[in-house]
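Subject: Handing over a structure

Dear colleague,

I am passing on the structure below, and after it you will find some notes on what turned up in it. Please read them with the structure open beside you.

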Amino acid sequence: MRDLFVYNSLSRKKEKFEPITPGQIGMYVCGPTVYSDVHLGNVRTFMSFDIIYRYLLYLGYKVRYVRNITDVGHLTDDGEDRMSKGAKKDQLEPMEVAHKYTVGFHDMMRIFNTHSPSIEPRATGHIIEQIEMVQAILDNGYGYEANGSVYFDTLSFMKDHPYGQLSGRVVEELFSETRDLKNQNEKKHPSDFAIWMKASEEHIMKWNSPWSLGFPGWHLECSAMSTKYLGKNFDIHGGGNDLKFPHHENEIAQNIGACKCSPANYWLHTNMLLMNGKKMSKSDGNTITPVQLFTGDSPHVSKGYDPMVVKFFMLQAHYSSTIDLTDDGLLAAEKGYKKLMEALKILKGLQTQSQAGAMDAEFERIMEEMHQNMSDDFNTPKVIANLFEIVSKINGLKGGQLDISELSDSCLTKLKETLSTFVFEILALKEELGGDNNSQTLDGLMGLILDIRRKAREEKNWETSDKIRDTLSALKITVKDGKDDSQWSLN
RNA sequence: GGUCGCGUGGCCGAGGGGCUAGGCAGAGGUCUGCAAAACCUCGUACGGCGGUUCGAGUCCGUCCGCGACCUCCA
């Protein structure tokens, strides 16, 4: 199997990837909290891990990809459970809220053409496992109970294990943090965190436990579910950069605290999606929903963009870099995306009889680079650069600037397969924009229309040929005349 | 304030001691009934100032600017 290198947040280095069990990978990614519509930033993160998942599969690994749904346990600023808050707002039962937004999340993931994970466990479905983990942490002396709530004892933990390694946090500094959080007085140390919370009277989602009628701390679900489905030690743990601290840090502490072993060998973090140079934020209006992006119904964009254009735009940046979402950037991505798709269509139609070709080596080189770039921490921007190198050549081959007889049949076949795999299976872009209007009927009609236009042009009947082109243009169909034939595409 | 990261040509965005990233926009040319597309050529870009080095956009120091995290966050 080809060597794979990944940037490990834990070591802050790029490392050669070595699975625990040869040929198999366990990967856990922190999923969304389903209390409101999916945020575009979530989309970027899950899209990035989808491509990582797909490439691992492509390399031949058997991958168990676990991505949770958080439907309980997150505290808001005022100490209220996020699910309950959403419920009050919408006049719905908490589980109704969770279900509604889970469905919405799945729909959006489908729109962006991502695979479903292997397992998608819910926090509320694993309360027992979480209670057991709290007990294990208590048994190991890394937790304490206070008024029915249970806290993780960071100082006690630090006597035996390092804490703060992932996020570079120094616990002593957390002393200086004076926060006015609820139940702060129950904690022995500011860096301690709740693993079980006693529920207040008005709290809706609560369960029985040895300590109180309450609910699990929000870092606990991932510890419990990753352990349940991937084992105490697994290969990859992923999530957004903003989860590094406190969430991932505490997750590690809980896993070690409960079973004395570090959960994941490789921690991968996706970076933030910015807009206008700042992190998207609902509170200051610096945000756009995926749907607004598709329809163009937002002051931040001049028009609507196809989900695949949005995806292509995101893939032009590395997953570990921030990307600034701008209208100019999207416009540029849209043109590039169309150019790529056009070239892929042209490639399909290319044929050659040659047995050996002078250009083979060049194409082989680029295809090899694509593999290397993808294996180098999933460098999609470089892969896209490789694709455009090939796009120029495909167009050159069609336009006659390059001679197809210098390309062997076997190399051309391989090129078709490789590009198709990379573009449609690994990057998981879709060929056609605008949904389902590329029916057979449309194909047939366009074939007929362009045939009539071709005859008109042969007769130099420009009036007719231009009328056809202009009318089609008004219907958002672009006609481009090539040397021998004309091509059409939907705008 | 603490921790981490970033600052690349008009815009986006890779790379990360000597080797053309790429896309979009722009200029010139080829092709063409016109248009569009395509193809060819063109930009000596790496925040400022020092330092290391035969050589720095790439390493080190420093300053400036920006962002993320430190509190729910993908």
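I begin with aspartate 481, which counts as partly exposed because its relative accessibility is 32%, where buried means under 20% relative accessible area, exposed over 50% and partly exposed in between, with a 1.4 Å probe and protein chains only. Please keep in mind that this is a predicted model, in which local features need pLDDT of at least 70 and side-chain atom pairs count only at pLDDT 80 or more, while totals for chains, interfaces and linings use all residues. Residues are numbered from 1 along each chain as its sequence is written, chains are lettered from A and ligands numbered from 1 in the order in which they are written, and side-chain values use heavy atoms, with hydrogens and water left out.

Aspartate 481 forms a salt bridge with arginine 457, with the closest N and O atoms 3.5 Å apart; the term stands for a side-chain nitrogen of Lys or Arg within 4 Å of a carboxyl oxygen of Asp or Glu. This pair links distant parts of the chain, since arginine 457 is in helix H15 (residues 440–458) and aspartate 481 is in strand S14 (residues 477–481), 24 residues apart. Helices (H or I, at least four residues) and strands (E, at least two) are DSSP runs, numbered from the N terminus.

Aspartate 481 also meets arginine 469 in a salt bridge (3.9 Å, N to O), and because arginine 469 lies in helix H16 and aspartate 481 in strand S14, the pair ties together parts that are 12 residues apart in sequence. Arginine 469 has a further salt bridge with aspartate 466 (3.7 Å, N to O), and these two residues both lie in helix H16 (residues 462–474), 3 residues apart, about one turn of the helix. In total the structure holds 25 salt bridges, and a network of them links Glu362, Arg365, Glu369, Glu389 and Lys393.
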